[in-house]
Amino acid sequence: MLSQQLEEALNKQLNKELHSAYIYQSMAAYFESTDFEGMALWMDHQTQEEMIHARKFYDYINERGGRVRLTGIEAPKVDWDSPLSVYQDALEHERYITKSIYELVDLAQGERDHMTNAFLQWFITEQAEEEATASAVISKLERVKNSPDGTFMMDRELAKRPAPVATSSAAV
Ligand code: OFO
């Protein structure tokens with residue numbers, strides 16, 4: 001059984017994951033509007049990944065006898081100056097999510113809730129990957145930022161990102 005404090009914190013994280021999906025879908029829409037179809041697809045796949053994250057929290061709260069409570073999702077930003085600024089925002093958002101996961105881990109460890117602590121370890125590994133992926137795209141976009149041809153080639157490269165595959169529900 002989850003403590004009330006942990007149940008609330010996990011619900012907040014579930015909302016943040018849905019918000020992440022919303023942010024990435026808005027980034028995809030921006031890329032659609034500026035004809036960067038590869039980056040739009042990349043962001044669509046990132047959106048799907050965030051929905052998988054949200055689902056893991058949803059299933060875990062239920063599995064531990066908690067109650068999922070969905071709340072309103074904050075409206076995302078809709079416009080950017082360039083592909084580079086989109087990915088910079090993505091990295092900043094991922095760093096914020098990493099911090100949020102760390103706080104959850106601290107809470108679970110403080111309560112000696114080893115199951116929740118174990119559940120959250122998957123997200124720590126995932127956050128390392130999410131930050132590294134966004135950083136790698138930023139480095140490349142920085143190199144080609146004054147070259148329309150280079151940016152177009154990046155768009156084609158980013159189109160190769162495969163769709164995510166859900167592993168299992170809460171018990172990754
Ligand atoms: Fe982007 O990792 Fe979840 O939120």
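How close do the axes of helix 2 and helix 3 come, and at what angle do they cross? The legends below begin with this pair. The model is predicted, with local features needing pLDDT of at least 70 and side-chain atom pairs pLDDT 80 or more, while totals for chains, interfaces and linings use all residues. Residues are numbered from 1 along each chain as its sequence is written, and side-chain values use heavy atoms, without hydrogens and water.

**View 1. Helix 2 and helix 3.** The two axes (lines fitted to C-alpha atoms over the stretch in contact, with angles from 0 to 180 degrees between N-to-C directions) come within 13 Å and cross at roughly 10 degrees. Helix 2 is therefore roughly parallel to helix 3 (angles under 35 degrees). Contact (heavy atoms within 4.5 Å) involves Met-39, Trp-42 and Phe-57 among the residues of helix 2, and Pro-83, Tyr-87 and Leu-104 among those of helix 3. Helices are DSSP runs (H or I, at least four residues), numbered from the N terminus.

**View 2. The largest nonpolar core.** Such a core is a set of buried Ala, Val, Leu, Ile, Met, Phe, Trp, Tyr and Cys residues joined through side-chain atoms within 4.5 Å; buried means under 20% relative accessible area with a 1.4 Å probe, protein chains only. Of its 24 residues, Met-27, Phe-31, Met-43, Tyr-87 and Leu-141 touch the most other members. Helix 1 supplies the largest share, 6 residues.

**View 3. Surroundings of Leu-141.** Leaving aside residues up to four places away in sequence, Leu-141 touches Met-39, Pro-83, Leu-84, Tyr-87 and Met-154.

**View 4. Start of helix 4.** Asp-113 caps the N-terminal end of helix 4, with a side-chain oxygen 3.3 Å from the backbone nitrogen of Met-115.

Key:
Buried means under 20% relative accessible area, exposed over 50%, partly exposed in between (1.4 Å probe, protein chains only). Helices (H or I, at least four residues) and strands (E, at least two) are DSSP runs, numbered from the N terminus. A polar contact is a pair of N or O atoms within 3.5 Å; within protein, one must be able to donate a hydrogen and the other to accept it, and residues adjacent in sequence count only if both atoms are side-chain atoms. Angles under 35 degrees count as roughly parallel, over 145 as roughly antiparallel, 65 to 115 as roughly perpendicular and the rest as oblique.
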